[in-house]
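Me: Hi! I have a protein model open and would like to talk it through. Could you help me read it?

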Amino acid sequence: MLSDLTRMLQFRDRDRICCHDVSVTQCYALEALVGRGELTLNELARELYLDKSTASRVVDALVAKGYAERGPHPQDGRAVRLTPTRAGRKLYETIDAELLGEVRGVVGGFPPAVRQSMAEVLRRLVRAAGPRLAADGGGTCCG
């Protein structure tokens with residue numbers, strides 16, 4: 001059932017987010033940049049569980065659309081600092097508010113105790129998956 005729920009939410013997100021001029025992966029990258037303020041390409045790739053070349057293409061698209069920008073890294077001359085633009089922050093806030101509104105609409109009918117239990121189950125699942133994701137770089141099974 002968890003797989004079905006995850007698949008449904010991913011398809012819903014893809015359909016909703018794409019109408020905002022970004023792909024789901026671009027939205028995840030924008031979320032990481034907004035949340036952290038700035039990242040290097042290597043940091044972003046690690047956070048998204050992507051290889052560096054794929055992360056670079058994602059960033060290229062965000063830069064071309066005006067949602068992110070590249071700049072010199074203050075401590076490492078070889079690295080590039082990635083930051084969200086004002087338009088990128090605004091877009092992410094819009095998408096986030098819409099998705100949170102949908103989730104609130106779905107779970108709002110459940111009693112508070114059930115909502116708290118659901119949140120606890122999800123926290124435990126994330127904690128359980130955390131060490132595996134950290135150990136193998138994103139949950140790959142085939143090295």
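**Talking through the helices**

Reply: Happy to! Let's start with α2 and helix α5 (residues 86-107): their axes come within 10 Å and cross at roughly 110°. That makes α2 roughly perpendicular to α5, since angles of 65 to 115 degrees count that way. Keep in mind that this is a predicted model.

Me: Which way is the crossing of α2 and α5, left-handed or right-handed?

Reply: The crossing of α2 and α5 is left-handed.

Me: And which residues in α2 and α5 meet?

Reply: From α2 you have Cys-27, Leu-30, Glu-31 and Val-34, and they meet Gly-88, Arg-89, Leu-91, Tyr-92 and Ile-95 in α5. Sorted by class, the contact of α2 with α5 has six nonpolar, one polar and two charged residues.

Me: Let me zoom out for a second. How many helices and strands are in the protein chain?

Reply: There are six helices and three strands in the protein chain. If you read along the sequence, the pattern is α-α-β-α-α-β-β-α-α.

Me: What percentage of the residues in the protein chain is buried?

Reply: Of the 143 residues in the protein chain, 24% are buried. The chain exposes about 9500 Å², and carbon and sulfur atoms supply 57% of that area.

Me: OK, back to α2. How do the axes of α2 and α3 cross?

Reply: Helix α2 (residues 24-36) and α3 have axes that come within 10 Å and cross at roughly 120°. The two helices are therefore oblique to each other. The crossing of α2 and α3 is right-handed.

Me: Which residues in α2 meet α3?

Reply: In α2 they are Tyr-28, Ala-29, Ala-32 and Arg-36, and their partners in α3 are Glu-43, Leu-44, Glu-47 and Leu-48. By class, the contact of α2 with α3 has five nonpolar, no polar and three charged residues.

Me: What is the angle between α3 and α4?

Reply: Helix α3 (residues 41-48) and helix α4 (residues 52-64) pack at about 105°, and their axes are 9 Å apart. That makes α3 roughly perpendicular to α4.

Me: Who meets whom in α3 and α4?

Reply: Leu-41, Asn-42, Leu-44 and Ala-45 are the α3 residues, meeting Lys-52, Ala-55, Ser-56 and Val-59 in α4. The residues of the contact of α3 with α4 divide into five nonpolar, two polar and one charged.

Me: New topic: single residues. Where does Leu-39 lie, and is Leu-39 buried or exposed?

Reply: Leu-39 lies in strand β1 (residues 39-40). With a relative accessible area of 2%, Leu-39 is buried, because buried means under 20%.

Me: What is Leu-39 in contact with?

Reply: Leaving aside its neighbours within four places in sequence, Leu-39 is in contact with Ala-32, Leu-33, Leu-44, Glu-47, Val-80, Arg-81 and Leu-82.

Me: You mentioned Asp-21. Where does Asp-21 lie?

Reply: Asp-21 lies in the loop between α1 (2-18) and α2. Asp-21 is partly exposed, at a relative accessible area of 40%. Its phi is positive, about 80°, although Asp-21 is not a glycine.

Me: Which other residue has a positive phi although it is not a glycine?

Reply: Look at Tyr-49, with a positive phi of about 60°. Tyr-49 lies in the loop between α3 and α4. At 44% relative accessibility, Tyr-49 counts as partly exposed.

Me: Thanks, I'll go and find those in the viewer!

Note on methods. Residues are numbered from 1 along each chain as its sequence is written. This is a predicted model: local features need pLDDT of at least 70, side-chain atom pairs count only at pLDDT 80 or more; totals for chains, interfaces and linings use all residues. Side-chain values use heavy atoms; hydrogens and water are left out. Axes are lines fitted to C-alpha atoms, for helices over the stretch in contact, and angles run from 0 to 180 degrees between N-to-C directions. Helices (H or I, at least four residues) and strands (E, at least two) are DSSP runs, numbered from the N terminus. Angles under 35 degrees count as roughly parallel, over 145 as roughly antiparallel, 65 to 115 as roughly perpendicular and the rest as oblique. Contact means heavy atoms within 4.5 Å. Ala, Val, Leu, Ile, Met, Phe, Trp, Tyr, Cys and Pro count as nonpolar, Asp, Glu, Lys and Arg as charged, and the others, Gly among them, as polar. Buried means under 20% relative accessible area, exposed over 50%, partly exposed in between (1.4 Å probe, protein chains only). Accessible areas come from the Shrake-Rupley method with a 1.4 Å probe; for residues, only the protein chains shown count as cover. A crossing is left-handed if the near helix is turned anticlockwise from the far one by less than a right angle, and right-handed if clockwise.
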